[in-house]
Amino acid sequence: MMMKKHSLYILFLLMSVAFVSCDDYVDIKTEGRLYPEETENYRYLLNQTSIFDASYSLVDVASDDIEMRKNYATYFENNYGTSDYYRPFKETYKWADSVYYAGDTDNDLGVMYQGLYTANVVITEVMTSNNGTEAEKASLQAEALVHRAYIFLDLVNIFGKAYDAETSETDLGIPMFTEPTVTEEVTRASVKAVYDQIVSDLQQAINGGLPATRRGTEVGFPSLASAHALLARTYLYMGRYTEAQAEAESALSLQNSLLNMEDYIDTPDSGWPRRIENPELILSKMSISSYKDAPALLTLNDELLNSFEEEDLRYQLYTRPISEMTYDQVSGGRAYCEGLLTGEKRNAGPTVPEMLLIKAEGEARAGDTDAAMTSINKLRMTRFKAEDYVPLAAADAEEALLKVLEERRKELMAKGGFRWFDLKRLNKDPRFAKTITHQYIDEVYTLEPEGDRYQFPFASSLFQYAPNLEQNP
């Protein structure tokens with residue numbers, strides 16, 4: 001660290017070392033590396049939930065689920081438009097070439113690369129640590145592999161192109177560090193290389209002796225179910241639907257409980273199950289920046305809102321009139337409000353509903369119409385009052401796929417980038433390719449299916465440490 005090397009780790013390692021060095025159980029050796037040496041100390045490193053229980057916050061704002069109607073955009077501009085604090089929200093909504101002012105840092109990216117550094121320390125060193133069994137060491141390494149895979153998967157879908165088997169070897173992904181070095185020059189690995197690493201990490205983790213599930217206060221720690229679930233998500237984004245379905249089924253064989261939303265109709269705000277109480281959550285990955293979770297910011301598009309049946313409790317309970325969110329300062333439209341119910345930030349971690357959706361999509365794409373509808377109806381049954389529930393039916397696999405994707409959009413709205421990532425992957429299919437628009441007051445912005453702004457720009461401050469990092473166009 002005394003040498004000025006071109007590495008993202010220089011920024012993030014400084015913060016990571018500062019965080020752990022105050023704990024008397026960690027031994028810091030020279031040359032910018034951590035050597036805890038004792039097996040139990042790697043457990044302490046993995047207990048840093050502030051850097052592991054984390055997902056990128058801004059990504060939902062870019063999708064077609066969000067719409068800032070003119071009156072709300074005017075209200076926002078008058079009250080927050082000149083605020084450095086809120087600028088990233090506005091610029092992301094506009095798909096701007098620059099989200100952060102020159103010199104400003106991308107805090108979310110910083111936190112996730114801190115987590116990556118610490119995960120790499122554990123992955124590369126825990127197996128040679130002292131006074132632990134081989135099973136204990138393998139399980140700790142498997143936890144770190146799951147965390148690393150999640151970081152890579154989240155970030156490659158934000159800053160890199162959607163996976164395409166024909167172009168992934170040359171498509172730019174993200175800086176991909178797999179060792180805790182501070183001397184490696186920063187360049188972007190290909191999308192294929194990143195996905196290959198994700199698959200390898202998760203396959204190794206599955207065989208690493210993880211506990212079957214994690215519940216309660218341990219839901220932020222990886223389990224076998226979470227490794228299968230993230231591999232299902234990975235294969236889905238790769239278009240490997242048969243494998244995605246199989247991994248989703250493996251996750252569901254370990255964890256398959258659903259919340260019955262009818263039970264919470266009269267529950268007050270902040271009284272809904274938090275993540276440590278939510279049986280649907282397989283692994284917690286909360287959004288990092290709290291200001292981007294303000295419900296009024298996540299104002300929803302009419303196309304999305306109109307896709308809900310009136311009786312759908314996801315519409316009734318997870319969305320509210322904008323007037324309620326802005327104390328009657330703005331009217332018209334509705335905003336996402338699940339955060340008010342739980343008192344927590346949005347969570348992009350894998351869930352039982354997501355696994356049912358992946359399973360159903362795999363079944364529909366394989367031509368199994370009845371199985372796809374059975375899977376999707378198992379989820380829908382818990383999203384309506386019993387008296388209002390009507391099962392979905394489809395005439396053929398094509399209709400089943402359309403209905404599965406519609407349910408996926410409704411179930412996963414504003415939860416951590418799912419819609420944005422789906423737009424990117426589905427744009428590869430002419431049946432689903434979509435041009436989307438955002439309006440901000442009188443300005444209209446258009447994003448074509450293969451538009452460059454589907455890849456987020458890196459904050460300019462990174463380039464003083466990484467001059468060879470290639471910016472997205």
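At what angle do the axes of α8 and α9 cross, and within what distance do they come? The legends below take up this question and then turn to further views. The structure is a predicted model, in which local features need pLDDT of at least 70 and side-chain atom pairs count only at pLDDT 80 or more, while totals for chains, interfaces and linings use all residues. Residues are numbered from 1 along each chain as its sequence is written, and side-chain values use heavy atoms, with hydrogens and water left out.

**View 1. The crossing of α8 and α9.** The axes of these two helices come within 9 Å and cross at roughly 155°. That makes α8 roughly antiparallel to α9, a term for angles over 145 degrees. Axes are lines fitted to C-alpha atoms, for helices over the stretch in contact, and angles run from 0 to 180 degrees between N-to-C directions. The crossing of α8 past α9 is left-handed, meaning that the near helix is turned anticlockwise from the far one by less than a right angle. Residues of α8 including Y195, I198, V199 and L202 meet residues of α9, among them L224, A227, L231 and Y235. Helices are DSSP runs (H or I, at least four residues) and strands likewise (E, at least two), numbered from the N terminus.

**View 2. Helix α8 and its buried residues.** Spanning residues 191-206, α8 has 16 residues and reaches 23 Å from its first C-alpha to its last, close to the 22 Å expected at 1.5 Å a residue; the expected span is 1.5 Å times one less than the number of residues. Buried residues of α8 include V191, V194, Y195, D201 and I206. Buried means under 20% relative accessible area, exposed over 50%, and partly exposed in between (1.4 Å probe, protein chains only). The buried residues of α8 pack against α7 (134-159), α9 (224-238) and α10 (241-254).

**View 3. The pair α15 and α16.** The axes of α15 and α16 (residues 369-380) come within 8 Å and cross at roughly 165°. The two helices are therefore roughly antiparallel to each other, and α15 passes α16 in a left-handed crossing. In α15, P353, L356, L357, K359, A360, E363 and A364 meet A371, A372, S375, I376, K378 and L379 in α16.

**View 4. Two loop residues with positive phi.** Most residues other than glycine have a negative phi. Phi of N131, however, is near 65°; N131 is placed in the loop between α6 (107-125) and α7. At 71% relative accessibility, N131 counts as exposed. D328 also has a positive phi, of about 65°, and lies in the loop between α13 (322-325) and β2 (334-336). The relative accessible area of D328 is 65%, which makes it exposed.

View 5. G343 belongs to the loop between α14 (338-342) and α15 (352-365) and is exposed at 51% relative accessible area. Its C-alpha atom is separated by 7.4 Å from that of D269, 74 residues apart along the chain. K415, in the loop between α17 (397-411) and α18 (418-426), is buried, with a relative accessible area of 15%. Beyond its neighbours within four places in sequence, K415 is in contact (heavy atoms within 4.5 Å) with D60, Y318, Y336, E338, N347 and A348.

**View 6. Confidence along the chain.** The mean pLDDT of the protein chain is 90, and 91% of its residues reach 70 or more; pLDDT is the predictor's confidence in each residue, from 0 to 100. Over residues 1-34 the pLDDT is below 50.

Definitions and conventions: Parallel < 35°, antiparallel > 145°, perpendicular 65-115°, else oblique.
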